[in-house]
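Please look over the chain shown here before reading on. The paragraphs that follow lead through it step by step.

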Amino acid sequence: MKALLIVSDGMGDRPNKKLGGKTPLQAAKTPNLDYVAKIGCCGIMDTIAPGIPPGSDTAHLAIFGYDPHEYYTGRGAFEALGVGIHVNPGDVALRVNFATLQEEEKGLRIVDRRAGRKVPEGDKLAEKLNEYSLKTAKDVEFTLKHSVEHRGVLVLSGPGLSYKVSDTDSHEIQETVQESKPLDGSKEALKTAKIVNELSTAFHKILKNDPLNQERINRGEPPANGVLMRGAGILPKVIPLNEKYGISCSCVAAAALYRGVAAAVGMKLYKAPGDTATYETNEESIAKTALDILPENDLVFIHFKPTDNAAHDGNPELKVQMIEKLDNMVGKLIEGIDLENEHYIVLTADHTTPCTIRDHTGEPVPLEMAGPGVRTDQTTAFSEIDCQGGGLGRLRGKDLMPIIMDYLRKTRIFGS
Ligand code: ZN
Ligand code: ZN
């Protein structure tokens with residue numbers, strides 16, 4: 001017995017006037033999603049808890065069976081794992097942006113949080129920054145790795161560090177670069193904040209004089225003369241899924257965060273060719289990669305990103321199209337599996353992202369599953385509304401993995 005777990009990011013939505021009062025899921029043509037609802041069981045799920053708008057990181061932790069209130073230790077370490085940086089227990093990782101800064105009396109003003117988004121010099125600039133050695137803490141080393149566009153990750157390694165430090169990124173242009181502050185009274189947080197502040201200042205000094213930035217200015221591009229830091233995190237202390245349930249599990253995802261959460265809970269990482277995590281993503285390639293690796297896995301997690309992108313862009317018509325792309329992917333998956341005898345398919349979202357709000361909100365997400373022995377219910381279509389009456393009722397995100405593992409016969413009887 002094997003299971004496919006598909007999470008369509010931010011798929012949940014609200015009724016939308018532009019869609020005649022339907023949600024994007026109701027408005028989309030989804031024969032394959034509806035088929036799974038018809039032969040299987042549906043429900044709704046509060047990935048964290050009712051009324052709590054989930055972040056993608058906490059929501060995925062919960063869906064993988066780890067209560068984020070207990071296990072969430074910031075986003076940074078997931079990002080680092082997701083871009084292929086090794087993170088040791090105790091290392092503090094931060095997400096970073098190359099940015100364009102302007103020196104002013106009150107401090108460094110943020111002119112462009114993304115330094116024009118295109119920073120092909122990122123690898124070379126990171127190399128130069130990595131030559132710097134810390135003055136405030138001689139026992140700590142750091143590595144800055146550029147990933148894509150203006151983005152990267154900074155990892156601090158050494159004794160006595162804490163992820164309880166605030167961002168230097170003010171998240172708003174025209175604001176000044178913030179001083180990182182300890183978020184609790186610990187000496188570890190104080191030490192880490194000092195390091196972050198030293199690097200923030202030192203990186204600007206190194207970058208502003210770099211010839212590559214002079215070339216950018218000569219070409220009329222904004223210089224990448226600063227590094228904004230945010231989302232400090234450490235690896236969560238979890239018993240990974242492979243140990244907890246004795247399964248082999250893998251992830252098919254393109255975006256760093258989801259790959260990172262999957263890696264942190266013991267999944268092997270795969271990326272489908274043409275999976276861009278954008279509107280252009282090749283959904284059939286994602287399905288093919290998942291089917292290719294299914295034989296050597298008990299559980300394959302597939303992350304589908306563009307539904308959330310369309311919602312953040314406030315575009316319900318585009319979200320409908322992305323849901324139809326998801327439906328096509330599910331169709332290809334169903335063709336390649338045996339739902340009567342061998343395989344389970346489970347499909348849900350990590351949170352609701354209403355196109356009208358353009359951000360995550362706290363409503364439950366729809367959930368469907370089908371496979372050998374799964375009880376049916378009266379639900380024959382897949383949407384937020386249809387699933388409300390389903391046989392799975394209303395779950396918490398952390399309840400989902402035990403349900404899947406029970407079907408795979410990987411759980412033990414409680415009592416005797
Ligand atoms: Zn999400
Ligand atoms: Zn989102």
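Does cysteine 42 count as buried or exposed? At 0% relative accessibility, cysteine 42 counts as buried; buried means under 20% relative accessible area, exposed over 50%, and partly exposed in between, with a 1.4 Å probe and protein chains only. This is a predicted model, in which local features need pLDDT of at least 70 and side-chain atom pairs count only at pLDDT 80 or more, while totals for chains, interfaces and linings use all residues. Residues are numbered from 1 along each chain as its sequence is written, chains are lettered from A and ligands numbered from 1 in the order of writing, and side-chain values use heavy atoms, leaving out hydrogens and water.

A disulfide is a pair of cysteine sulfur atoms within 2.5 Å. Cysteine 251 is likewise buried, with a relative accessible area of 0%, and its sulfur is 9.6 Å from the closest cysteine sulfur, in cysteine 249, again too far for a bond. A search of the whole structure finds 0 disulfides.

Strands (E, at least two residues) and helices (H or I, at least four) are DSSP runs numbered from the N terminus, and two strands pair if DSSP finds at least two bridges between them.

A metal site comes next. The zinc ion (ligand 1) is coordinated by Asp9 (OD), Asp9 (OD), Ser56 (OG), Asp350 (OD) and His351 (NE2), at 1.9 to 2.8 Å. Donors are N, O and S atoms within 2.8 Å of the metal (3.2 Å for Na, K and Ca); water is not among the atoms, so sites may look incomplete. Serine 56 lies in helix 3 (residues 56-63) and histidine 351 in the loop between strand 11 and strand 12 (365-370), so this pair ties together parts 295 residues apart in sequence. Both serine 56 and histidine 351 are buried. The zinc ion (ligand 1) and the zinc ion (ligand 2) are separated by 4.5 Å.
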